[in-house]
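Here are my notes on the structure you sent, as numbered points. Please read them with the coordinates open.

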Amino acid sequence: MDGMTDVHYIDVDTPYGKPSDSVVVGTLEGTRVAFLPRHGRGHRINPTGIPVRANIYALKVLGVQRLISVSAVGSLKEDFAPLDLVVPDQIIDRTRQRHNTFFDEGVVAHVGFAEPFCPGASSVIAASGQEVGVTTHLGGTMIVMEGPAFSTKAESFMYRSWGAGIIGMTALPEAKLAREAEMCYATMAWITDYDCWHESEETVTVEMVVQNLLQNVAHSKEMLHKVIPQLVPSENCGCNAALKDAIITDPRGISEETKHKLRPIVGKYIN
């Protein structure tokens with residue numbers, strides 16, 4: 001990232017194993033930032049294999065409060081064209097094999113997830129997209145599928161019938177885990193193709209996805225320079241208090257081992 005200074009790499013150990021890679025930490029536009037390649041450098045981890053709990057835990061330990069996901073997605077709507085940017089506000093979970101909570105043993109917590117993306121962070125992303133001249137859509141429903149294979153035509157048409165606008169493979173369980181970690185989470189979803197439903201377009205190929213993805217890299221970097229300084233805490237989003245009334249388990253019944261394991265996540269509520 002051009003303009004990023006004081007750059008260094010941090011290796012973080014977590015109770016959930018190693019993150020996808022070392023975390024790159026530095027300063028951008030006067031703001032301390034951390035970057036973690038979810039697939040690992042060289043894109044060596046498939047979507048289902050991404051250690052998402054370790055990734056979110058590591059970023060939380062490093063003090064990250066607001067998380068911007070940069071993702072490649074397919075379009076399920078005619079007016080969401082390749083190379084457009086979509087900032088989704090809803091999500092449908094079609095994953096089946098992923099750990100999607102920090103609260104699977106020793107503590108039960110039910111976080112609110114009706115609004116899965118931070119509205120404040122999403123608005124900042126959309127405004128920045130328009131500012132740099134990218135065709136930007138604020139709002140839309142994202143399907144998150146298991147992968148790594150792309151959709152069948154039957155699946156693609158079914159998702160369209162549900163009213164979904166885009167489809168990807170990585171926003172879940174990221175969004176759920178970020179909410180449990182009380183981090184603002186928003187997605188910069190770059191359209192690479194029309195999935196496989198569009199009869200007048202060629203069937204999606206890896207070459208097509210990569211070619212369009214590379215065209216979006218420059219816009220992503222330009223936008224992040226604008227987005228990051230504006231990501232101030234919002235009093236209205238509620239992301240930073242998602243666990244306030246969500247923890248159901250009596251603290252007296254939580255083991256010291258579990259408390260220690262989850263301290264970065266629940267420390268301000270359970271001593």
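1. A residue counts as buried here when its relative accessible area is under 20%, and as exposed when that area is over 50%. By that cut-off Glu146 is buried, because its relative accessible area is 3%. Please keep in mind throughout that this is a predicted model.

2. Glu146 has a charged partner. Its side chain meets that of Arg98 in a salt bridge, at 2.8 Å from N to O. Glu146 sits in the loop between β8 and α3 (153-161), and Arg98 in the loop between β6 and α2 (119-131), so the pair ties together parts that are 48 residues apart in sequence. Arg98 is buried too, with a relative accessible area of 15%.

3. A second pair of this kind involves helix α4. Glu174 forms a salt bridge with Arg38, and the closest N and O atoms are 2.8 Å apart. Since Glu174 belongs to helix α4 and Arg38 to the loop between β3 (31-35) and α1, the bridge ties together parts that are 136 residues apart in sequence. Both ends count as buried: Glu174 has 8% relative accessibility, and Arg38 has 14%.

4. Why is helix α4 largely enclosed by the rest of the structure? The helix covers residues 171-180, and nine of its 10 residues are buried. Among them are Ala171, Leu172, Pro173, Leu177 and Arg179. After the helix comes Glu182, which has a positive phi, near 60°.

5. On the remaining salt bridges: a search of the whole structure finds 12. One of them joins the side chains of Arg252 and Asp250, at 2.7 Å from N to O. Arg252 counts as exposed, at 76% relative accessibility, and Asp250 as partly exposed, at 34%. Elsewhere, salt bridges with shared partners link Asp21, Arg41 and Arg44 into one network.

6. Asp195 deserves a separate entry. Its position is in the loop between β10 and α5 (206-227). Asp195 is buried but has no salt bridge, and Arg160, the nearest side chain of opposite charge, is 8.5 Å away. What does the side chain of Asp195 join through a polar contact? The partner is the side chain of Ser156, at 2.6 Å.

7. The largest nonpolar core has 44 residues, and those with the most contacts inside it are Phe102, Phe103 and Leu243. Two or more residues come from each of β2 (23-28), α1, β4, β8, α4, β10 and α6. Leaving aside residues up to four places away in sequence, Leu243 touches Phe103, Ala109, Val111, Glu180, Glu182, Ile265, Val266 and Tyr269. Glu180 is also one of the buried residues of α4, and Glu182 is the residue with positive phi that follows the helix. Another core, of 25 residues, lies apart from the largest one; Cys118, Met188, Met223 and Val227 are among its members.

8. How many disulfides does the structure hold? It holds zero. The cut-off for a disulfide is sulfur atoms within 2.5 Å. The sulfur of Cys118 has its closest cysteine sulfur in Cys184, 3.7 Å away, which is too far for a bond. Likewise, the sulfur of Cys237 is 3.6 Å from that of Cys239, its closest cysteine sulfur, and this too is too far for a bond. Cys118 is buried, at a relative accessible area of 1%. Cys237 is buried as well, at 18%.

9. A last point concerns Ala154, which belongs to helix α3. Is Ala154 buried or exposed? At 59% relative accessibility, Ala154 counts as exposed. Its C-alpha atom is separated by 31 Å from that of Ile68, a residue 86 places apart from it along the chain.

How values were computed
Residues numbered from 1 in each chain as written. Predicted model: local features only at pLDDT ≥ 70, side-chain atom pairs only at ≥ 80, totals over all residues. Heavy atoms only, no water. Buried < 20%, exposed > 50% of the residue type's maximum accessible area, 1.4 Å probe, protein only. Helix = DSSP H or I, 4+ residues; strand = E, 2+ residues; numbered from the N terminus. Lys, Arg positive; Asp, Glu negative; His and termini not counted. Salt bridge = Lys/Arg side-chain N within 4 Å of Asp/Glu carboxyl O. Polar contact = N/O pair within 3.5 Å; in protein donor to acceptor, adjacent residues only side chain to side chain. Core = buried A, V, L, I, M, F, W, Y, C linked by side-chain atoms within 4.5 Å. Contact = heavy atoms within 4.5 Å.
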